[in-house]
Structures are given as C-alpha cells and as structure tokens.
Amino acid sequence: MLGLGLASCGSSETISRGYVIKEDALSRITPGTSVEQVLTILGTPSTVSTVGNKTFYYISQKLQRTVQFIEPRIVDQRVVAVYFNQSFKVERVAHYGLQDGVVFDFISRTTPTSGAEQSFLTQLFRGGGTTFAPGMGGL
C-alpha cells in the first residue's frame, strides 16, 4: 500500500477550467453573426466587456499538478474574444493566449495595441482577472 501511495504522488494531473473551445462551433461564428446566434452556438461567455462596443470573452485555462496536494500551475491560458459592431453583429473573432509571457493573438500572430483591450487582457493573463461566470467552477 505504501508503494501505491508513493506512486500516486509521482503522477501528474492536468486540470481544465473555463470554456472548452470547440473548433467546429467557432467556425460557425463569422462576421455578421448576431448576438443571439453567438449565444446559441457558444453559450454564455465567461465575461463581457463593459466599455465601448460589446465584447464576449470565453476564457479557458489548463493547469498541471505534478504532486498531489500541491497548488497546480497554469501551463496554458486562452481567451476567445468575440467583438461586436454598433449593430450588435460580429465584427471579428480573436484567439488570445500566452506567447513567451506576452498576450498573443493566435490568428493574426500579433500582439494587441495598447488601450482598454490590452489592459483587460494583460490583467487577465497576469492573474488579476480571475473572472468566470457563476457556476463555471471559477478559480
């Protein structure tokens, strides 16, 4: 039994939190898609912008724990941002993650310019924005 207990301490555990990205669902979100269609296809966002045009953020984290009962560390964090225009139709969809410690847009392979979005995303990726929708098993 002691060997079994020690063996379980050496195994690593991967934990997923937040919105699980389904590529087939994301491919259905194109410019011109309405807010209602986005909510039907993707569901309730993790958080919503409160400044400027409405933006939905779908946030996910992948954590890894190498030893049982030790705090897991974040190994990947992704944010899918759905931007809406003044008519509340999808303007664009962006996939953000961490690339060498910098917020990174996976589609255009650029870092966002400074401004409200950059501040929100930077805060989110640095751990200051642990915002998940209620009932999603938040951080």
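Guide: A salt bridge is a side-chain nitrogen of Lys or Arg within 4 Å of a carboxyl oxygen of Asp or Glu. By this rule, the count comes to one salt bridge. The model is predicted: local features need pLDDT of at least 70, side-chain atom pairs count only at pLDDT 80 or more, and totals for chains, interfaces and linings use all residues. Residues are numbered from 1 along each chain as its sequence is written, and side-chain values use heavy atoms, with hydrogens and water left out.

Visitor: Why is the pair Glu13 and Arg65 called a salt bridge?

Guide: The closest N and O atoms of Glu13 and Arg65 are 2.9 Å apart; the limit is 4 Å, so the pair qualifies. Glu13 lies in strand β1 and Arg65 in strand β3, 52 residues apart. Strands are DSSP runs of E with at least two residues, helices are runs of H or I with at least four, and both are numbered from the N terminus.

Visitor: What makes Arg65 buried, and what makes Glu13 partly exposed?

Guide: Buried means under 20% relative accessible area, exposed over 50%, and partly exposed in between, with a 1.4 Å probe and protein chains only. Arg65 has 18% and is therefore buried. Glu13, at 32%, is therefore partly exposed.

Visitor: Why is Gly18 called partly exposed?

Guide: Gly18 has a relative accessible area of 22%, so it falls in the partly exposed range. Gly18 is found in strand β1.

Visitor: Which residues touch the most other members of the largest nonpolar core?

Guide: A nonpolar core is a set of buried Ala, Val, Leu, Ile, Met, Phe, Trp, Tyr and Cys residues joined through side-chain atoms within 4.5 Å. Of the 13 residues in the largest one, these are Val38, Leu42, Phe56, Tyr58, Val82 and Phe84. The elements giving two or more residues to this core are α2 (23–26), α3 (35–42), β3 (55–65) and β4 (73–84). Apart from it lies another core of seven residues, including Tyr57 and Tyr96.

Visitor: How are the residues that line the second largest pocket divided by type?

Guide: They comprise seven nonpolar, five polar and five charged residues. Here Ala, Val, Leu, Ile, Met, Phe, Trp, Tyr, Cys and Pro count as nonpolar, Asp, Glu, Lys and Arg as charged, and the others, Gly among them, as polar. A pocket is an open set of points on a 1 Å grid over the protein atoms alone, where a 1.4 Å probe fits, with protein on both sides within 12 Å along at least five of seven lines; lining residues have an atom within 4 Å of a point. β4 gives the most to this lining, with five residues.
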